[in-house]
Amino acid sequence: STLVLIQGDRHYVYSDAALRTMAVLDWPWRGLAAFALVPSPVRDACYKFVARYRYLVFGKTESCRVPTGDFRRRFIDYRPEEEEADPISST
């Protein structure tokens with residue numbers, strides 16, 4: 001599996017998708033977008049290396065994190081009226 005970013009009628013994969021995503025985040029993540037200056041074959045090799053060993057470095061959990069509070073508002077399908085009725089949300 002890999003990260004795929006769709007912007008308008010274009011799509012990006014591997015390091016292109018990751019760097020384009022980081023470019024719209026706040027500092028310091030935005031600064032990592034400067035790696036776009038590195039040739040894409042080198043960037044993609046690094047991306048695939050990190051992807052292969054990510055669970056070894058960052059660990060793996062049995063379940064996904066449940067978004068709550070302000071983080072939930074960042075999702076495209078966010079509906080404020082559902083927030084009150086959600087028994088999982090702690091806010």
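Phenylalanine 58 comes out as exposed, since its relative accessibility is 66% (buried means under 20% relative accessible area, exposed over 50%, partly exposed in between, with a 1.4 Å probe and protein chains only). This is a predicted model, so to speak of local features takes a pLDDT of at least 70 and side-chain atom pairs count only at pLDDT 80 or more, while totals for chains, interfaces and linings use all residues. Residues are numbered from 1 along each chain as its sequence is written, and side-chain values use heavy atoms, with hydrogens and water left out.

Phenylalanine 58 sits in helix H2, which covers residues 40-58 (helices are DSSP runs of H or I with at least four residues, strands are runs of E with at least two, and both are numbered from the N terminus). The areas themselves come from the Shrake-Rupley method with a 1.4 Å probe, and for residues only the protein chains shown count as cover.

Zooming out, the protein chain has four helices and two strands, and the elements run β-β-α-α-α-α from the N terminus on. Of the 91 residues in the chain, 16% are buried. The chain exposes about 7,900 Å², with carbon and sulfur atoms supplying 60% of that. As for contacts (heavy atoms within 4.5 Å), 25% of those between residues at least 6 apart in sequence join residues at least 24 apart.

Next comes the pairing of H1 and H2. Helix H1 (residues 14-23) packs against H2 at an angle of about 85 degrees, with the axes 8 Å apart. That makes H1 roughly perpendicular to H2 (65 to 115 degrees counts as roughly perpendicular, under 35 as roughly parallel, over 145 as roughly antiparallel and the rest as oblique). Axes are lines fitted to C-alpha atoms, for helices over the stretch in contact, and angles run from 0 to 180 degrees between N-to-C directions. On the H1 side, Tyr14, Ser15, Asp16, Ala18 and Leu19 meet Ser40, Arg43, Asp44, Tyr47 and Lys48 of H2. The buried residues of H1 are Ser15, Ala17, Ala18 and Leu19, and they pack against strand S1 (4-7), strand S2 (10-13) and H2.

The side chains of arginine 43 and aspartate 16 form a salt bridge at 3.0 Å, N to O (a side-chain nitrogen of Lys or Arg within 4 Å of a carboxyl oxygen of Asp or Glu). This pair ties together distant parts of the chain, arginine 43 in helix H2 and aspartate 16 in helix H1, 27 residues apart. Arginine 43 is buried at 11% relative accessible area, whereas aspartate 16 is partly exposed at 31%.

Some backbone details are worth a look. Most residues other than glycine have a negative phi, and most peptide bonds are trans. Tyrosine 14 has a positive phi of about 55 degrees although it is not a glycine; this residue lies in helix H1 and is partly exposed at 29%. A cis peptide bond links tryptophan 27 and proline 28, with omega about 10 degrees, and proline 28 falls in the loop between H1 and H2.
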